[in-house]
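Please read them with the structure open.

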Amino acid sequence: MTQSSPKSRSQVANIDTRQQGAPQLPLAFLTILRAQFRLSLRWFLGLSGFIVGVALALLFVPQLGTQSLFGVPIAWWMLGVGCFPVLGLCAHRYVRRVERLERRYLSLTERP
Amino acid sequence: MISVLAIALVVIASSVVGGLSMRYSRTTSDFLVASRTVSPRLNAAAICGEYLSAGTFLGLAGLVMVVGPDMLWYPVGYTAGYVALLLLVAAPLRRFGSYTIPEFAQGRLDSPPLRRLAAVFVLLISVLYLLPQMKGAGISLRALTGAPYWVGVALVCLVVGGNVAIGGMRGVTAVQAMQYVIKLSALAIAAIVMWAATTGADGASPFSDQPSKTVRETTITIRRDSVLDIDRALRVTAFGVIDGATVDGVRLLSPGKHGIDVGTRISLPAGSPLPQFVDGFVSGESWFLPFQNGPRRSHPVYLGFSVIIATVLGTMGLPHIVTRFYTNPDGRTARRTIVVVIALLGLYYIWPVVLGVLGRRWAPDLLVSGGTDAVVLLLPERVLGPGLSARLLTGLLAGGAFAAFLSTSSGLLVSVAGAVSHDLLKGGVRRFRVAAAVGAALAGALGLGVERFEINVLVGWAFAIAASSFCPLLVLGVWWPKFTAAGAASGLIIGGGTASVAVALTMANIPDPESWLGALCAQPAAWSVPLGCIASIGGSVLTRRTVPMNAPALLARMHTPEPTQRQ
């Protein structure tokens, strides 16, 4: 691997881990790893549930295809317009959650 | 003429901005990721500029017009793919600090052969994704100027190959942010103007069971044997074979059914019904309903769910998108960039759908002649009639379309050149440049052969292979300490390999598209992604002695937030 890359701040902040074998990880880190994993997993399951739910609704509620709103079938509104704000909101809320989690972690570890 | 000017303007602007940045592009890291100095908003616009390809600018409207609402899953999946990317891998990948997926694979799992294997998949996905861009350029230039198909392909190859070889990625960051704006405004203005022009127009709603009829006098070249069913006598001009007899000029058809042979050119007057294929319907019933069978499209529920899986999980595995990610200064800005990206995508995707619906109503003859991928460009004249306003709109759309081809192709070509020069060879700016030129030529040559595939279907295949190969690699690499190089390799080979074979079989037209096997091969993601995950996990469990010693430390690097004292 070429190492000509300028190291970003985040990497410099860490010790170069490659030479160190497998160091004992601090407990605070294990906690945040698990917390982040649980957060990501929960939101990903939510995302999957939302998408599968929309698909199943379209599959089993034929009225969504035949009933119209302003001349456009409801199914087209749902997929063509409605999904996007939900996805955007989901992303926005997740970022706020995960940043709060990280701030809490930093406030625990950065104290002198 | 206006269209040619618009295309020339976009091409020249792209080249000039790319060329101006040349003197700043000195080191390898400048070339690959713009030295990580791009601000989140500019970066988000650039990501969108790079992401929104011929597939959504031209192909999506065409597919919506043919298949109906099931195709709306593509834009939903393309957007949800960024949410999945954000939730599962974004910040950790950025914090890891590699430029590309192959570099991540090697750095994380400590295996140079794995890097080369990953680079092969980068090449495969990038080239497959380049082909629809080439097709888009070829058919657009032909639809606008009558030039042969290869002219558009050659034009895009030359401009993109030259740009990437000279400017690298820093060149294309500014260009691509600009190209997002061009694409969005072209589609939005065209869709709004045409929608406004058509409200109150007489005629059936596109969302109805009425069979489509021609809106103006329309000339069609029949691409499969068809039947024209008319309830009143119809005067047509035709060159070819009707009812088994050669026709060469004006002909009065009596009420009833008339067989039209493939290859016949026929001019139908306004308000005439359209010929229907002998082997399947083209227009009419149930087009606007979800999960319906369509022409050459059985098993719609399986296909729909498979498209969802491919697009949602494939986005994170697209080589040009992940590379673009490293231009963020840190993990936190990487996340924020994605939120902006999702908003920008939502703003964009409504317009191709509007254009597809308008196409169903105003250009239904394309369903018969098979030119639906060009519907976006042909629509202004159909809706507004010949005149200056239609020519201006067409010019705008032509400029936007070329912005789409150029931007996506540039990003993909950077990935191709990076994979060849840095992962397969020893690296260096000169190799990068040569690889970019060779890659552009190769994509152009292959692009000549894909005209018969729908643009957005080609794009979907690239997503399916990306989802089957790189999604398990990235997700497990980011979260699972016991992941091994052998597990990653078996995931790539089994998941990505089988998906690639399935796509190749479909391209070679081997399985019957109506059969279950045909459906499974046409959209492999629903089975190949689970297969890739199982192979990755199974392979890792079997080789658990080879877990890299530094895996916990690398996970720590990926999941430790940046210190807060930054801005």
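**Notes on the predicted model**

1. Chain B has 567 residues, and 63% of them are buried. Buried means under 20% relative accessible area, exposed over 50%, and partly exposed in between, using a 1.4 Å probe and protein chains only. This is a predicted model: local features need pLDDT of at least 70, side-chain atom pairs count only at pLDDT 80 or more, and totals for chains, interfaces and linings use all residues. Residues are numbered from 1 along each chain as its sequence is written, chains are lettered from A and ligands numbered from 1 in the order in which they are written, and side-chain values use heavy atoms, with hydrogens and water left out.

2. Chain B holds 21 helices and seven strands. Both are DSSP runs numbered from the N terminus: helices are H or I with at least four residues, strands are E with at least two. Take the contacts in chain B between residues at least 6 apart in sequence: 83% of them join residues at least 24 apart. Contact here means heavy atoms within 4.5 Å. The accessible surface of chain B is about 18,900 Å², with 65% belonging to carbon and sulfur atoms. Areas come from the Shrake-Rupley method with a 1.4 Å probe; for residues, only the protein chains shown count as cover.

3. Chain A has 112 residues, of which 36% are buried. Four helices and two strands make it up, in the order α-α-α-β-β-α along the sequence. For contacts in chain A between residues at least 6 apart in sequence, 57% join residues at least 24 apart. Chain A exposes about 6,800 Å², and carbon and sulfur atoms supply 63% of that.

4. Which residues have the most contacts inside the largest nonpolar core? They are A:Trp76, B:Phe57, B:Trp73 and B:Tyr82, in a core of 194 residues. Helix α17 of chain B (residues 455-479) gives the largest share, 18 residues. A separate second core has 15 residues, including B:Leu228, B:Ala238, B:Leu253 and B:Ile266. A nonpolar core is a set of buried Ala, Val, Leu, Ile, Met, Phe, Trp, Tyr and Cys residues joined through side-chain atoms within 4.5 Å.

5. B:Phe57 deserves a look. Leaving out residues up to four places away in sequence, B:Phe57 touches B:Lys183, B:Ala186, B:Leu187, B:Tyr348, B:Val376, B:Leu397, B:Gly400, B:Ala401 and B:Ala404.

6. Next, a helix pair. In chain B, the axes of α4 (residues 54-67) and α15 (residues 388-424) come within 8 Å and cross at roughly 125°. Therefore α4(B) is oblique to α15(B). Angles under 35 degrees count as roughly parallel, over 145 as roughly antiparallel, 65 to 115 as roughly perpendicular, and the rest as oblique. Axes are lines fitted to C-alpha atoms, for helices over the stretch in contact, and angles run from 0 to 180 degrees between N-to-C directions. B:Ala54, B:Phe57 and B:Leu58 of α4(B) meet B:Leu397, B:Gly400, B:Ala401, B:Ala404 and B:Phe405 of α15(B). By class, this contact has seven nonpolar residues, one polar and no charged.

7. Helix α14 of chain B (residues 375-384) is largely enclosed by the rest of the structure, because seven of its ten residues are buried. The buried residues are B:Val375, B:Val376, B:Leu377, B:Leu379, B:Pro380, B:Arg382 and B:Val383. Just after α14(B), B:Gly385 takes a positive phi of about 80°.

8. Check two backbone angles. Most residues other than glycine have a negative phi. B:Asp243 is not a glycine, yet has a positive phi of about 50°. B:Asp243 lies in the loop between β3 (234-242) and β4 (245-253) of chain B and is partly exposed at 43% relative accessibility. B:Asn509, also not a glycine, has a positive phi of about 60°. B:Asn509 lies in the loop between α18 (485-507) and α19 (516-522) of chain B and is partly exposed at 46%.

9. Buried or exposed: what is B:Ser126? B:Ser126 is buried, with a relative accessible area of 0%. B:Ser126 sits in helix α8 (residues 112-145) of chain B. Not counting residues up to four places away in sequence, B:Ser126 touches B:Pro319, B:Leu412, B:Ser415 and B:Val416.

Definitions and conventions. Ala, Val, Leu, Ile, Met, Phe, Trp, Tyr, Cys and Pro count as nonpolar, Asp, Glu, Lys and Arg as charged, and the others, Gly among them, as polar.
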